[in-house]
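Thank you all for coming; I would like to go through one structure this morning, moving slowly from strands to rings to cores. Please keep the viewer open while I talk.

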Amino acid sequence: MIDLDLRHSAPDFKHYTELRLQENLEHRLNLVNGSLMFNSRTMKSGLSARTYINGSWGFASNPVIDKQTVKSVIKEAGSNAGYLRRKSSLGKSDLPSSRRKAVDVPKEPKKHFTIAELVAFLTGLDRMIMARFPKLTSRSLSLYSISMEKKLITSCGSELHSLLPRIMIYVDLTMEYKKEPISLFDLYGGYGFFGQHFTSPDALMPAIGKQYQALEQKTRGVYPKAGVHTCILDAELGGILAHEAVGHTVESDLVRSGSVAGDCWQQLVASPIVSLADFAHTALGKPCPVPVRIDDEGTVAEDAMIIENGILKSYLHNKESAMDFKMPATGNARAFLDSDEALVRMRNTAILPGNHKIDDMIASIDEGYYLIRPGNGQADATGEFMFAVTMGYEIKKGKLGRALKDVTVSGVAFDFLKTVDMVSDELSWCCGGFCGKKQPMIVGMGGPAVRGRINVGGR
Amino acid sequence: MTGERILQTALKGIKRTADKGQCRLTESRSTELNVDEGVVKLLRTTVNSSLMLQAIRSGKKGTHLINKTDFSSIKEAVEAVMLSADSAPADPAHDFAHCPNKRSLIKGPQQPDMDQMHNRLTELLADIRERYPLVRVREATMEHMQQNDRLVNSSGVDLSSCTGVYRFTVLFLAKQNTKTSSFNYCGCSLPDLSDRLINKGMLQLQFRQVQDQLNCGHLKGKFAGDILMSPGCLVSFIYDYMDSYLCDRSMISGTSLLRDKLGQNVAAQDFSLESSPVSRHFCETEWFNSDGFVQKGCRLIEDGVLKNFSLSLYGANKTGHKRSPNFSPFYIVKPGDASFDDMVRSVKRGLLLMRFSGGMPSVNGDFSGVAKNCYYIENGKIKFPVTETMVSGNLLKMFQNIRSISRERINSGSWLLPWMVFSGLTISGK
């Protein structure tokens with residue numbers, strides 16, 4: 001990233017102000033049946049400032065990075081906030097002050113992979129898949145890497161320098177069965193750099209072999225029966241539930257606009273065996289997939305215990321909402337691009353593990369479904385959610401049965417969580433969470449497997 | 001440097017070693033007002049630039065995108081794009097437009113009227129408070145976007161546009177005591193701010209509906225029924241249909257079930273769909289595309305017959321089909337002759353569906369999801385709003401089972417769509 005010492009600009013701050021220098025570096029490769037459809041690299045960087053005056057905010061950004069532009073974005077952000085204050089003064093008080101410094105820049109491995117090596121890795125992997133699984137009718141392999149580097153100073157004296165790298169390989173396999181295409185995708189990778197996750201195409205093949213086996217089972221799969229069933233949601237589905245159906249409803253901006261969680265403060269919203277948290281950077285002594293130590297307002301990021309033993313205990317805050325709610329700021333203000341303002345966002349959201357074994361959970365169900373792999377998911381202010389499930393199995397008399405075709409499950413988050421009566425004892429994170437809320441954002445989501453009653457949209 | 005100099009510097013650098021090169025410079029300035037807590041709280045002014053360099057050497061293609069336009073950044077980007085191209089496998093399907101063509105377009109308001117933007121937004125908030133007291137605005141934005149876009153390539157293509165447009169979005173729900181409705185939203189693009197925002201799209205209907213939806217009923221069991229779908233909901237199904245059957249990815253991968261159906265009946269006889277990014281109906285435009293061609297309207301399905309795929313130059317070269325006149329999502333569906341009331345009366349049992357929260361369809365077009373902001377219809381009458389109701393079906397079959405199409409259409413500024421009734425979808429309650 002272009003080096004510019006932002007601290008010299010502090011004297012230019014006339015009101016509460018955040019000044020951020022950010023660079024996002026992304027790389028996308030997409031190989032469809034051996035043809036490289038996309039081979040693009042994007043580097044975006046720039047300066048932004050955000051100013052608060054009595055409840056009105058002004059924001060300005062510019063891709064030019066020099067001392068003169070620093071002055072101009074600070075001035076423009078102040079002028080924008082001033083314009084709104086003149087239009088309608090909200091008369092709010094100053095934001096709480098916090099002065100913190102943090103550096104969180106993971107060391108890049110010495111081995112730097114060139115574009116040619118990344119392309120060679122992906123094409124090599126594709127050739128192996130084609131050779132080993134000739135029944136496939138289509139293959140799509142994508143590589144997506146992002147590294148997000150930020151430098152921030154605030155008028156309160158906080159400073160941050162962070163780097164968030166992520167590397168993912170998406171593998172989407174298709175087979176035909178009775179002339180109908182059936183597909184199954186999976187993703188590999190996570191927080192860090194290419195070499196930390198991928199050594200050779202060979203090393204990925206055992207996992208892709210399992211994906212292929214699951215696809216074969218899915219081609220002979222069945223549609224589940226529509227209706228409410230006792231189901232086990234495996235870790236990734238538990239993660240998407242925690243993020244979409246609970247996490248969004250407790251974001252303070254949604255609470256303020258009327259989300260269902262606003263009326264449930266300190267109330268029982270889940271079975272007493274359910275606890276759910278948004279972790280800042282470390283969960284149960286291990287690093288999270290999206291570590292946030294100081295957020296983009298300069299607040300120290302703290303864990304937010306959203307549900308504790310079934311009781312709703314915390315919302316997710318930025319500085320202003322924490323002041324309005326008279327609660328501590330949790331460090332959830334995050335921005336995706338240099339030209340984006342910080343919004344209230346989740347970091348690493350998960351249900352906490354319980355004490356059941358997954359095999360016992362399966363054995364406990366006479367008739368139901370084991371839902372494993374999520375597609376996309378959405379949720380409402382009411383907590384009503386929908387998740388696509390791309391891989392799952394019937395459970396009959398305590399044993400796994402036939403695979404399922406693609407299906408969608410739905411429910412109301414707090415209603416579903418009240419039906420949870422078993423929680424497995426292992427926490428695992430999905431390696432590639434992305435969230436959309438005005439801006440995209442890298443997030444972590446995960447959990448144990450949970451057993452509860454959910455509406456299955458079968459045939 | 002001027003835009004002209006930036007592009008010529010980049011293209012000259014690429015042409016030195018590449019067989020073919022293309023550069024696109026997009027410079028924009030956005031002025032955006034944001035509503036939070038029911039008041040206009042944030043004013044954003046952002047300057048953005050994007051310089052995309054593309055190079056083909058020996059059939060190998062690379063793309064590099066930066067947001068800097070100084071000489072040394074361009075020089076580095078030229079080296080990076082050549083490195084990227086050299087790293088790729090050769091594919092003779094890669095190409096750029098090769099007929100010299102120099103044209104330009106100016107469209108829309110080039111400067112924001114800030115005070116009017118603020119006035120219209122605060123006026124909308126006041127209108128909502130007065131007429132729909134239970135509605136809460138979750139977020140709303142009013143943006144003016146001015147964009148200068150120019151593409152040049154090594155075959156003499158030089159296309160440019162200066163466009164300006166207002167974009168308005170609002171996301172809202174209703175709240176009464178501890179009851180919360182589902183949220184709904186409206187997004188549209190406007191050539192000017194001459195009218196109150198509350199008159200846009202279907203906003204008044206949507207505001208009325210979310211107030212109703214504070215008290216939803218439930219359906220029990222499942223049945224095969226009709227879906228009367230709003231234009232705003234329809235557009236998401238059309239996007240899925242295009243992705244599943246007619247666009248580059250599904251055609252190149254061979255997963256499209258319509259890949260061999262050109263000239264054949266694929267949908268109901270009265271269904272005609274076109275894409276037209278240059279239509280006079282729209283204030284948004286994509287006048288030229290990333291291949292370097294000026295875009296034209298494209299009839300995709302006419303009277304139920306598949307007329308064209310939606311393929312880029314690469315997609316066309318890869319599949320052996322014709323390049324599409326455009327591959328942009330500016331969809332227009334031909335109106336029918338039914339009124340909305342007639343359509344409701346025609347439904348024996350089904351749903352009025354305003355929004356759909358669904359999973360990505362399977363490659364065979366199977367889909368399922370939750371019906372949002374919807375009402376139960378029985379014997380031609382809208383009965384009550386329902387929640388926790390799912391709809392499932394198959395995209396291909398759904399567009400073959402169109403029962404009626406309305407004469408009224410809604411224009412969002414980038415799509416123009418009617419209400420439609422689809423029959424034979426599976427509807428299931430709790």
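This is a predicted model: local features need pLDDT of at least 70, side-chain atom pairs count only at pLDDT 80 or more; totals for chains, interfaces and linings use all residues.

Strand β24 of chain A covers residues 439-447, and it is mostly covered, with eight of its nine residues buried. The pair that I asked about belongs to the contact with strand β23 of chain A, residues 433-437, which runs antiparallel to β24(A) over five bridges. These two strands, β23(A) and β24(A), form a hairpin with one residue between them, and A:Lys438 in that turn has a positive phi of about 65 degrees. There is also strand β22 of chain A, residues 428-429, which pairs with β24(A) in the antiparallel sense over two bridges, and here A:Trp429 stands opposite A:Gly446. Strand β16 of chain A, residues 348-351, pairs with β24(A) in the parallel sense over three bridges, with A:Thr349 opposite A:Met445.

While we are in chain A, let me turn to its domains. The domain assignment gives domain 1 as 6-219 and domain 2 as 227-456, and the C-alpha centres of these two domains of chain A lie 22 Å apart. As for how they meet, 52 residues of domain 1 of chain A are in contact with 39 residues of domain 2 of chain A.

Now to the rings. A pair of aromatic rings is described by the distance of the centres and the angle of the planes, and I will quote both values for each pair. A search of the whole structure finds 30 aromatic pairs over all chains. One of them is A:Phe121 with A:Phe198, which is tilted, at 5.9 Å centre to centre and with 55 degrees between the planes. That pair links distant parts of the chain, since A:Phe121 sits in helix α2 of chain A, residues 115-132, and A:Phe198 in the loop between α3 (194-197) and α4 (201-219) of chain A, 77 residues apart. Both A:Phe121 and A:Phe198 are buried.

In chain B, why is the pair of B:Phe271 and B:Phe399 called tilted? The centres of the two rings are 5.3 Å apart and their planes stand at 50 degrees, so the pair falls into the tilted class. B:Phe271 lies in the loop between α6 (248-253) and β10 (273-275) of chain B, whereas B:Phe399 lies in helix α9 of chain B, residues 395-400, so the pair ties together parts that are 128 residues apart in sequence. Both B:Phe271 and B:Phe399 are buried, and they belong to one aromatic cluster together with B:Tyr241, B:Tyr245 and B:Phe422.

Three of those names return when we look at packing. The largest nonpolar core has 63 residues, and the members that touch the most others are B:Tyr241, B:Phe271 and B:Phe399. Helix α5 of chain B, residues 231-246, gives the largest share of this core, nine residues. If we leave aside neighbours within four places in sequence, B:Tyr241 is in contact with B:Leu246, B:Leu258, B:Val266, B:Ile301, B:Leu395, B:Leu396 and B:Phe399. There is a second, separate core of 60 residues, which includes A:Ile307, A:Val389, A:Phe416 and A:Ile442.

Two charged groups also sit over rings. In chain A, A:Arg50 lies over the face of A:Trp57, at 3.9 Å from the ring centre, and in chain B the charged end of B:Arg355 sits over the ring of B:Phe183, 4.1 Å from its centre.

Four bridges join β15(B) to strand β16 of chain B, residues 366-372, in the antiparallel sense, and B:Gly358 has B:Gly369 as its bridge partner.

I will end with B:Leu193, which is placed in the loop between β8 (184-190) and α4 (203-212) of chain B. Is B:Leu193 buried or exposed? Its relative accessibility is 7%, so B:Leu193 counts as buried. Its contacts, again leaving aside neighbours within four places in sequence, are B:Gln116, B:Met117, B:Arg120, B:Met142 and B:Tyr166. For B:Arg120, the separation from B:Leu193 is 73 residues in sequence and 7.4 Å in space, C-alpha to C-alpha.

How values were computed:
Residues are numbered from 1 along each chain as its sequence is written. Chains are lettered from A and ligands numbered from 1 in the order in which they are written. Side-chain values use heavy atoms; hydrogens and water are left out. Buried means under 20% relative accessible area, exposed over 50%, partly exposed in between (1.4 Å probe, protein chains only). Two strands pair if DSSP finds at least two bridges between them. Rings of Phe, Tyr and Trp (its six-membered ring) pair if their centres lie within 6.5 Å; planes under 30 degrees apart count as stacked, over 60 as edge-to-face and the rest as tilted. A charge sits over a ring if NZ of Lys or CZ of Arg is within 6 Å of the ring centre and within 35 degrees of the ring normal. A nonpolar core is a set of buried Ala, Val, Leu, Ile, Met, Phe, Trp, Tyr and Cys residues joined through side-chain atoms within 4.5 Å. Contact means heavy atoms within 4.5 Å. Domain bounds come from an automatic or database domain assignment.
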